[in-house]
Amino acid sequence: MKQMYPKNGRVILHVDMNSFYASVEMAFDPTLKGKPLAIAGNPEERRGIIVTCSYEARSFGVKTTMPLWEAKKLCPQLIIMKPNFERYRAASMGMFDILHEYSSLVEPVSIDEGYVDITDSYEFGSPIEIAETIQKQIFQQLDLPCSIGVAPNKFLAKMASDMKKPMGITILRKRDVPHILWPMQVEEMHGVGRKTGEKLRYLNIATIGELAKADEIVLKAALGINGPRLKQKANGQDLRKVDPESASEFKSVGNSTTLPRDVSNQRELLQVFEKLALQVSSRLKRKKVMAVSLGITIRYKDRRTITRSRKLKNPIQQDEEIYQMAKELFIKHWNGNAVRLLGITGTDLVEPEQAVKQLDLFSFEKDAKKEPLFQTMDLLRKKYGAKIIDNAGALSEMKLTRPKIGTDTSFNKDFLHSRPGRGNKKEKDDIS
């Protein structure tokens, strides 16, 4: 089978679960199969936004992020279920366990999708045979449908997996790009959102093909460094490797909550920020990182949403510090109108040992008192290993029960951290 694989390039799969949450519920309760099903929040508390829905519901026009009242209007017989994240995490673990049977190079992207580099997996068959086997195994063992893209790089694999749903397998080669990808609208391209699409159309770039041929200088002026990168992908080029360790890399840590009712009382809103700060602090400690920038999100009754952030003098991790900064930003930017949603996000994350603190006159004395303790901890770590001692806040956090204050929207890769480490095969060079 080795001759079925490129000598210098790579073969990458993108495995994308179909209507994941709804499919998991159907696997758990087979009586739901064939029926219009939607996973959403509690409509009585106005958290009625469709998280995902079955293909039967989609045939009525029901879509993700659609308000529940609108979905029910389109499909009166729609079955509504609340999310069961423990059930979804368990199914996700099962899916990734199957992927690891075919390669050690598995990169989770989210709870329901991931990349698999099968370049050295020829013992299991040809690329299409491996894709078919994985799809059948996931369906037989977990009763869950998935679509798979087969391509020489991650971008093309992602584009391919979106082309046939549900239960599709699509091969997309670089030579296919001009006649398959280029005629597509630019917004259909992975990595191009609504705002980027608007900027590209302002430049008279409406299709992926036009983006592929666009002037790189013009793109960089309009989109920054992302402009040339998008042009490369539009031409089918993507040098990114499948990185099994990427799930441990965090660009931001945040939590937001939809309030049970519109709130215009400042004291009540600040109480929500206190709880959000505790949640964000807990996750920062669990991931053992600190935030150099902090931002807040305010969504008003009319759904108008604003985000405001600030670069911090010192990296922060404690809930009191996070709350105080969020409070300052909120009081400065809140217009006094009723609020529907609040959020806090820490960005520009650094590990504690990388956080060089700028001591000032107010914090110097307090930090100086702690210096002997820090020195002792460092000596213990050097002698017995980095994990011999840790901050009590980071450990006690694991026992903390997060307060339920609204719809938790902190979707992330935390579900993967309990996985045992897996060895990686030696990687070859990517194709250009």
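Predicted model: local features only at pLDDT ≥ 70, side-chain atom pairs only at ≥ 80, totals over all residues.
**View A. Salt bridge between Lys165 and Asp16.** The closest N and O atoms of Lys165 and Asp16 are 3.0 Å apart. Lys165 sits in the loop between helix H6 (154-161) and strand S8 (169-171), while Asp16 belongs to strand S1 (residues 12-17), so the contact ties together parts that are 149 residues apart in sequence. Asp16 is buried, at 6% relative accessible area. Lys165 is partly exposed, at 38% relative accessibility.

**View B. A network of salt bridges that includes Asp162.** Asp16, Asp162 and Lys165 are linked in this network.

**View C. Salt bridge between Arg261 and Glu268.** Here the closest N and O atoms are 2.6 Å apart. Arg261 has a relative accessibility of 45% and counts as partly exposed. Glu268, with a relative accessibility of 25%, also counts as partly exposed.

**View D. Salt bridge between Arg310 and Glu328.** The closest N and O atoms of Arg310 and Glu328 are 3.0 Å apart. Arg310 lies in strand S11 (residues 305-316) and Glu328 in helix H13 (residues 319-333); the pair links distant parts of the chain, 18 residues apart. Arg310 is partly exposed, with a relative accessible area of 27%. Glu328 is partly exposed too, at 42% relative accessibility.

**Whole structure. How many salt bridges does a search of the whole structure find?** The search finds 15 salt bridges. Among them are the pairs Lys165 with Asp16, Arg261 with Glu268 and Arg310 with Glu328.

Key. Residues numbered from 1 in each chain as written. Heavy atoms only, no water. Salt bridge = Lys/Arg side-chain N within 4 Å of Asp/Glu carboxyl O. Helix = DSSP H or I, 4+ residues; strand = E, 2+ residues; numbered from the N terminus. Buried < 20%, exposed > 50% of the residue type's maximum accessible area, 1.4 Å probe, protein only.
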